[in-house]
Amino acid sequence: MQTPLEITYQHVSRSAWIDEYVRSRVDKLEHFSRDIVSCRVTIEQTQNPHRTGNPYRALVEVSLPAKGELVAEKSDKVTDPQVQLRPIIRHAFEAMEKQLKKQTAKRDGKVKQHNDEPIPPVATVVRLFGGDGYGFLKSLSGEEFYFHQNAVLHGDFDRLTVGTRVRFEPDEGEKGLHASTVQIIDKPGVGGEPGEDDLDMPAGWERETGTRH
């Protein structure tokens, strides 16, 4: 990598075994792509007053020269961090490995975007809790997805408003549906060319201002 690995702990005590394990997984990432510019790993216990359990979370962010930034995360409730943190970290890195494999295959001409890599689904931001760093999306099918500010690509969380259209990677964990990555398509009222990005606002989104239950 061009820049040193960054490991950040939030509401979790720094641990030598976590540092060592993360470094071993990052070394493995470089076997999938030699183009990695930087890698940032965050180990945290989420402090969300609206969700019970405050699960532990591993977030892996990788920068590539052409693609930009890739993000993968895994969260779960933990009763014994010494035992249960390792698989959470491993699953986050495995998700990143899959993304890097796709990028390498595309670069080498082994994958065709329109056949083998579906375009991420589109959703609308329906609720935002900026002070707490999270929000909710509603997909075309009407399902709601929780997302954390760290899942928003390019540090664009502060650009989001209710009604912003995004593409996202859906995931499901113990706490329900969530978006592992979120990328802004456009702001409310800003349209592009007609086509697959066109999205009617989900019915009732403008009336949903309460918290999710």
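# Briefing: fold, salt bridges and surface

Of the 213 residues in the protein chain, 45% are buried. The model is predicted. The chain holds three helices and nine strands. Read from the N terminus, their order is β-α-β-β-β-α-α-β-β-β-β-β.

**The Arg40 network**

- Nine salt bridges are counted in the model.
- Arg40, Glu61 and Glu69 are joined in a network of salt bridges.
- Glu61 pairs with Arg40 through their side chains, at 3.9 Å from N to O.
- Glu61 belongs to strand E3 (residues 56–64) and Arg40 to strand E2, so this pair ties together parts that are 21 residues apart in sequence.
- Glu69 also forms a salt bridge with Arg40, with an N to O distance of 2.3 Å.
- Glu69 sits in strand E4 (residues 68–76) and Arg40 in strand E2, so the pair ties together parts 29 residues apart in sequence.
- Glu61 counts as buried because its relative accessibility is 13%, under the 20% cut-off.
- Glu69 is buried as well, at 15% relative accessibility.

**A pair within helix H2**

- Glu94 and Arg90 form a salt bridge, and their closest N and O atoms are 3.6 Å apart.
- Both residues lie in helix H2, four residues apart, which is about one turn of the helix.
- Glu94 is partly exposed, with a relative accessible area of 30%.
- Arg90 is partly exposed too, with a relative accessible area of 28%.

- Lys101 is found in helix H2.
- Lys101 has 47% relative accessibility, so it counts as partly exposed.

**Two loop residues**

- Ser33 is in the loop between helix H1 (16–32) and strand E2 (38–45).
- Ser33 is buried, with a relative accessible area of 6%.
- The Ser33 side chain reaches the backbone nitrogen of Asp35 at 3.2 Å.
- Leu140 is in the loop between strand E6 (134–139) and strand E7 (144–148).
- Leu140 counts as exposed because its relative accessibility is 62%, over the 50% cut-off.
- Leu140 and Ala123 are 17 residues apart in sequence, and their C-alpha atoms are 6.3 Å apart in space.

Definitions and conventions: Residues are numbered from 1 along each chain as its sequence is written. This is a predicted model: local features need pLDDT of at least 70, side-chain atom pairs count only at pLDDT 80 or more; totals for chains, interfaces and linings use all residues. Side-chain values use heavy atoms; hydrogens and water are left out. Buried means under 20% relative accessible area, exposed over 50%, partly exposed in between (1.4 Å probe, protein chains only). A polar contact is a pair of N or O atoms within 3.5 Å; within protein, one must be able to donate a hydrogen and the other to accept it, and residues adjacent in sequence count only if both atoms are side-chain atoms. A salt bridge is a side-chain nitrogen of Lys or Arg within 4 Å of a carboxyl oxygen of Asp or Glu.
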